[in-house]
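This report describes a single chain through its charged pairs, helix packing and backbone angles. The sequence and structure come first.

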Amino acid sequence: MPIHNADIAAIFEKIADFLEIESANPFRVRAYRNAARILGELGRDVKGMVEKGDKLTDLPGIGDDLSRKIEEIVKTGSCRLLRKLEQEVPPAITELLQIPGLGPKRVRALWQELHVEALEDLQRVAREGRIRGLPGFGEKTERNILEALQARARTPGRMLLAVASQYADALAGHLRGTPGTKSVVVAGSFRRG
């Protein structure tokens, strides 16, 4: 599968989330978040830059360490640091980050204080009224978490149009090259925007 800027940005966002959950240096967390934002908004294909041998450190906010990680992701499709962090944190923790109102700091509190490691755990402790007792949480937050969990169960997943565009364009280009194909049009939610 081809690597797009959005894929690299998503990996950097995950790294930042895991680092924040582990209470890492806030400057390091911010560096990964900034790099993710920069790559997500960049008008140039980073994979092409790597293949041409362009200096990634010329990009704003990208230093030597991030440059090496981008090259690693482009060449291998993954990142050693992300794999290491994923082993240190329970796998379902990343699902908790998808709940509106739950950022890495709150997820860390839920994980460390109430041993929440999955959506089922989160729903259970919210129904039991245990979340409101944590510092920085309250009854309203607890209610919002329960509502978000119920809405998540009813709603199909979505992705940003910019991310979908990268995949749709690549897939449509591949399909256009298939013998016997007359026309390829991306339709559905993507076309409607």
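## Salt-bridge network

Glu13, Asp17, Glu20 and Arg33 are joined in a network of salt bridges, a salt bridge being a side-chain nitrogen of Lys or Arg within 4 Å of a carboxyl oxygen of Asp or Glu. The model is predicted, so local features need pLDDT of at least 70 and side-chain atom pairs count only at pLDDT 80 or more, while totals for chains, interfaces and linings use all residues. Residues are numbered from 1 along each chain as its sequence is written, and side-chain values use heavy atoms, with hydrogens and water left out.

Helices here (H or I, at least four residues) are DSSP runs numbered from the N terminus. Glutamate 20 is buried, its relative accessible area being 16%, whereas arginine 33 is partly exposed at 23%. Buried means under 20% relative accessible area, exposed means over 50%, and partly exposed lies in between, with a 1.4 Å probe and protein chains only.

## Other salt bridges

The structure holds 15 salt bridges. Side chains of opposite charge can pair when their charged atoms come close. Glutamate 142 pairs with arginine 132, and the closest N and O atoms are 2.5 Å apart. Here too the pair links distant parts of the chain: glutamate 142 belongs to helix α9 and arginine 132 to the loop between α8 and α9, ten residues apart. Glutamate 142 is buried, with a relative accessible area of 2%, while arginine 132 is partly exposed at 40%.

Glutamate 128 and arginine 130 also meet through their side chains in a salt bridge, at 3.1 Å from N to O. Glutamate 128 counts as partly exposed at 44% relative accessibility, and arginine 130 counts as partly exposed at 35%.

## Packing of α1 and α5

Helix α1 (residues 5–21) packs with helix α5 (residues 80–88) at an angle of about 40°, and their axes are 10 Å apart. Axes are lines fitted to C-alpha atoms, for helices over the stretch in contact, and angles run from 0 to 180 degrees between N-to-C directions. The angle makes α1 oblique to α5, since angles under 35 degrees count as roughly parallel, over 145 as roughly antiparallel, 65 to 115 as roughly perpendicular and the rest as oblique. The crossing of α1 past α5 is left-handed, a term used if the near helix is turned anticlockwise from the far one by less than a right angle.

On the α1 side, the contact (heavy atoms within 4.5 Å) is made by Ile11, Lys14, Ile15, Phe18 and Leu19, and on the α5 side by Leu81, Leu82, Leu85 and Glu86. By class, there are seven nonpolar, no polar and two charged residues in the contact of α1 with α5. Ala, Val, Leu, Ile, Met, Phe, Trp, Tyr, Cys and Pro count as nonpolar, Asp, Glu, Lys and Arg as charged, and the others, Gly among them, as polar.

## Packing of α8 and α9

Between α8 and helix α9 (residues 139–154) the packing angle is about 135°, with axes 9 Å apart. That makes α8 oblique to α9, and α8 passes α9 in a left-handed crossing.

From α8, the contact involves Leu119, Leu122, Gln123, Val125, Ala126 and Arg127; from α9, Glu142, Ile145, Leu146, Leu149 and Arg152. The contact of α8 with α9 divides into seven nonpolar residues, one polar and three charged.

## Helix α7 and positive phi angles

Helix α7 (residues 104–114) has as its buried residues Pro104, Val107, Arg108, Ala109, Leu110, Trp111 and Leu114. These buried residues of α7 pack against α1, α2 (26–41), α5, α6 (93–96) and α8 (119–127). Just after α7, histidine 115 takes a positive phi of about 60°. Histidine 115 lies in the loop between α7 and α8 and counts as exposed at 56% relative accessibility.

Most residues other than glycine have a negative phi. Serine 23 also has a positive phi of about 60° although it is not a glycine. Serine 23 sits in the loop between α1 and α2 and is partly exposed, with a relative accessible area of 49%.

How values were computed: Helices (H or I, at least four residues) and strands (E, at least two) are DSSP runs, numbered from the N terminus.
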